[in-house]
Amino acid sequence: MKVKQACLAALVLSAAAAQAQWYGEIGVTPLSVKGTVEGNTLKSHPTMIGIVAGYEFHPNLAVEGMAGTNANSDTISLNGSEVSGTSLKVNHAYGLFIKPKVMLTPEWELYGRLGVIENKTTGQVGNLSVTDTDHDVAYGVGVSYHFDKTTYGSLSYTNFYDKQGTKTQGATLSVGMKF
């Protein structure tokens, strides 16, 4: 009897392992950074490039790690007017997310992301440079199109930071591969 139970347990575990899958993505995220300082509105639109490594341990749930860095800095506008000699860039962004998801059709997948993120940015005004590192809860939604069993493209929208009068959001266009 114990041999049958061991064989059944091995079969169940191997079926679960067959569903589990590693994947990776690379994407670009034009960001919208908006803040208020002493009644003045500051805005900037730097661009981040990033990678995601994920592990799908159930068809409807995965865990992901994300790392991003600056692809393009942008000038800072003050109350709607661009301020020359200024820039804002993303030094890095690191995050850890859970990703609930559902296949809508054999090609289309809808997903959400919820996790924590660390953002490090540098703002420059003339020769003065200020670097700030912050942590926050990050969340978003997205959709993926599966070209085949291993390759897909995604479009997602994420709220990366929303504290202390500053909000950072962005839409990410990425390509991914399952391993």
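The model is predicted, so local features need pLDDT of at least 70 and side-chain atom pairs count only at pLDDT 80 or more, while totals for chains, interfaces and linings use all residues. Residues are numbered from 1 along each chain as its sequence is written, and side-chain values use heavy atoms, with hydrogens and water left out.

**Cavities**

- A search of the whole structure finds two cavities of 30 Å³ or more. On a 1 Å grid over the protein atoms alone, a cavity is a set of points where a 1.4 Å probe fits but cannot get out, and lining residues have an atom within 4 Å of a point. Grid points are joined across faces, edges and corners, and a volume is the space filled by probe spheres set on the points.
- The largest cavity has a volume of about 200 Å³. It is lined by 20 residues, and those closest to its centre are T29, V52, M66, R113 and T172.
- At least two lining residues of the largest cavity come from each of β1 (21–37), β3 (47–58), β4, β7 (108–125), β9 and β10. Strands here are DSSP runs (E, at least two residues), numbered from the N terminus.
- β3 gives the largest share of this lining, five residues.
- By class, the lining of the largest cavity has 10 nonpolar, seven polar and three charged residues. Ala, Val, Leu, Ile, Met, Phe, Trp, Tyr, Cys and Pro count as nonpolar, Asp, Glu, Lys and Arg as charged, and the others, Gly among them, as polar.
- The second largest cavity has a volume of about 70 Å³. Its lining consists of Y23, E56, K99, K101, E109, S144, H146, Y152 and K178.
- Two or more residues of the lining of the second largest cavity come from each of β6 and β8 (128–146). This lining has two nonpolar, two polar and five charged residues.

**Largest pocket**

- The largest pocket has a volume of about 770 Å³. A pocket is an open set of grid points with protein on both sides within 12 Å along at least five of seven lines.
- Its lining has 33 residues, and V33, L42, L88, T121 and T166 lie nearest the centre.
- β1, β2 (40–44), β5, β6, β7, β8, β9 and β10 each give two or more residues to the lining of the largest pocket.
- The lining of the largest pocket divides into 17 nonpolar, 12 polar and four charged residues.

**Nonpolar core**

- The largest nonpolar core has 10 residues: L31, M48, V52, M66, V90, A93, F97, I117, A138 and F160. Such a core is a set of buried Ala, Val, Leu, Ile, Met, Phe, Trp, Tyr and Cys residues joined through side-chain atoms within 4.5 Å.
- Buried means under 20% relative accessible area, exposed over 50%, and partly exposed in between (1.4 Å probe, protein chains only).
- β3 and β6 each supply at least two residues of this core, and the largest share, three residues, comes from β6.
- Leaving aside neighbours within four places in sequence, F97 is in contact (heavy atoms within 4.5 Å) with A62, V63, E64, M66, R113, L114, G115 and A138.

**Aromatic pairs**

- The count comes to three aromatic pairs. Rings of Phe, Tyr and Trp (its six-membered ring) pair if their centres lie within 6.5 Å; planes under 30 degrees apart count as stacked, over 60 as edge-to-face and the rest as tilted.
- W22 and Y55 form a tilted pair, with 4.8 Å centre to centre and 55° between the planes. W22 lies in strand β1 and Y55 in strand β3, so the pair ties together parts that are 33 residues apart in sequence.
- W22 is exposed, at 52% relative accessible area, and Y55 is partly exposed, at 28%.
- Y145 and F147 form an edge-to-face pair, with 5.3 Å centre to centre and 70° between the planes.
- Y145 is partly exposed, at 29% relative accessibility, and F147 is exposed, at 55%.
- W108, Y145 and F147 form one aromatic cluster.

**Single residues**

- N72 lies in strand β4 (residues 61–72) and is partly exposed, at 44% relative accessible area. Not counting residues up to four places away in sequence, N72 touches P46 and T47.
- N79 lies in the loop between β5 (74–78) and β6 (81–103). Its phi is near 50°, a positive value in a residue other than glycine.
- Q164 lies in the loop between β9 (151–163) and β10 (166–178). Q164 is not a glycine, yet has a positive phi of about 50°, and it is exposed at 65% relative accessibility.

Notes: Helices (H or I, at least four residues) and strands (E, at least two) are DSSP runs, numbered from the N terminus.
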